[in-house]
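Here is a brisk report on one protein model.

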Amino acid sequence: MLLYTDTAATVQSISRQVDSADYANAVRLTGRDPEATGDSANVVERMATVAAEGRWDRSYSEDIVQLAALEQRADWTLAQSTVVRPSYTVELAPGFWSGPQHFWLGDTVTLVVKSGRLDVQSQLRVQQLKVDIDENDDEKISVTLGYPRKDFRERLASIDRRLERLERR
């Protein structure tokens with residue numbers, strides 16, 4: 001699927017968002033204690049070259065026991081965190097989207113944006129589809145495109161902890 005912003009046949013408007021909370025140039029990962037005593041969990045720190053923006057820290061807790069695996073995870077986390085990845089909200093032209101068989105949540109689409117100095121050609125995942133129907137039964141389709149969030153597992157763990165607390169009541 002190709003969404004091209006230069007033609008009114010596919011896209012009516014587009015907005016670009018960047019979340020600075022996703023950025024870090026220093027990460028600290030804490031692994032799981034192999035003896036489950038809480039005293040000797042492995043800790044790995046990684047830092048990229050600090051640029052003009054200064055040091056931006058993020059801390060993560062991982063369910064990893066082996067130090068070598070935790071170090072590999074720290075390297076990957078740092079590489080992912082030092083790249084700012086925008087997301088885009090695209091309002092589709094009326095009649096362009098033909099339903100879930102066209103593209104749906106989780107599908108990959110190619111977004112091409114050529115506007116001023118912005119020159120983007122990226123394959124992005126469909127994260128959200130919003131369908132608004134007005135009083136004349138006309139549809140307005142907005143699609144949010146982006147990259148998976150790095151803290152997705154943190155959010156799942158938070159939800160799991162909340163559910164466990166609710167079950168204890």
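## Salt bridges

Lys130 is partly exposed at 42% relative accessibility (buried is under 20%, exposed over 50%, partly exposed in between; 1.4 Å probe, protein chains only). Lys130 forms a salt bridge with Asp132, the closest N and O atoms being 3.9 Å apart. The term requires a side-chain nitrogen of Lys or Arg within 4 Å of a carboxyl oxygen of Asp or Glu. Asp132 is partly exposed too, with a relative accessible area of 32%. The whole structure holds 7 salt bridges.

Arg28 and Glu45 also meet in a salt bridge, at 2.5 Å from N to O. This pair links distant parts of the chain: Arg28 sits in strand E3 (residues 26–30), Glu45 in strand E4 (residues 43–47), 17 residues apart. Strand E4 also carries Arg46, whose partner Asp75 lies in helix H1 (residues 67–81), 29 residues apart. Asp75 is partly exposed at 41%. Arg46 is partly exposed at 25%.

## Basis of the model

The model is predicted: local features need pLDDT of at least 70, side-chain atom pairs count only at pLDDT 80 or more, and totals for chains, interfaces and linings use all residues. Residues are numbered from 1 along each chain as its sequence is written, and side-chain values use heavy atoms, leaving out hydrogens and water.

## Fold

The protein chain has 2 helices and 9 strands. These are DSSP runs numbered from the N terminus: helices are H or I with at least four residues, strands E with at least two. From the N terminus, the order is β-β-β-β-β-α-β-β-β-β-α. Of the 169 residues, 31% count as buried.

## Surface

Accessible surface comes to about 11,100 Å² for the protein chain, with 48% belonging to carbon and sulfur atoms. Areas follow the Shrake-Rupley method with a 1.4 Å probe; for residues, only the protein chains shown count as cover. Leu166 lies in helix H2 (residues 152–168).

## Aromatic rings

How many aromatic pairs does the structure hold? There are 3. Rings of Phe, Tyr and Trp (its six-membered ring) pair if their centres lie within 6.5 Å; planes under 30 degrees apart are stacked, over 60 edge-to-face, the rest tilted. Trp97 and Phe103 are tilted, with 6.3 Å between centres and 55° between planes. Trp97 and Trp104 are stacked, at 6.2 Å and 15°.

Ring pairs link Trp97, Phe103 and Trp104 into a cluster. Trp97 is buried at 15%. Phe103 is buried at 1%. Trp104 is partly exposed at 39%.
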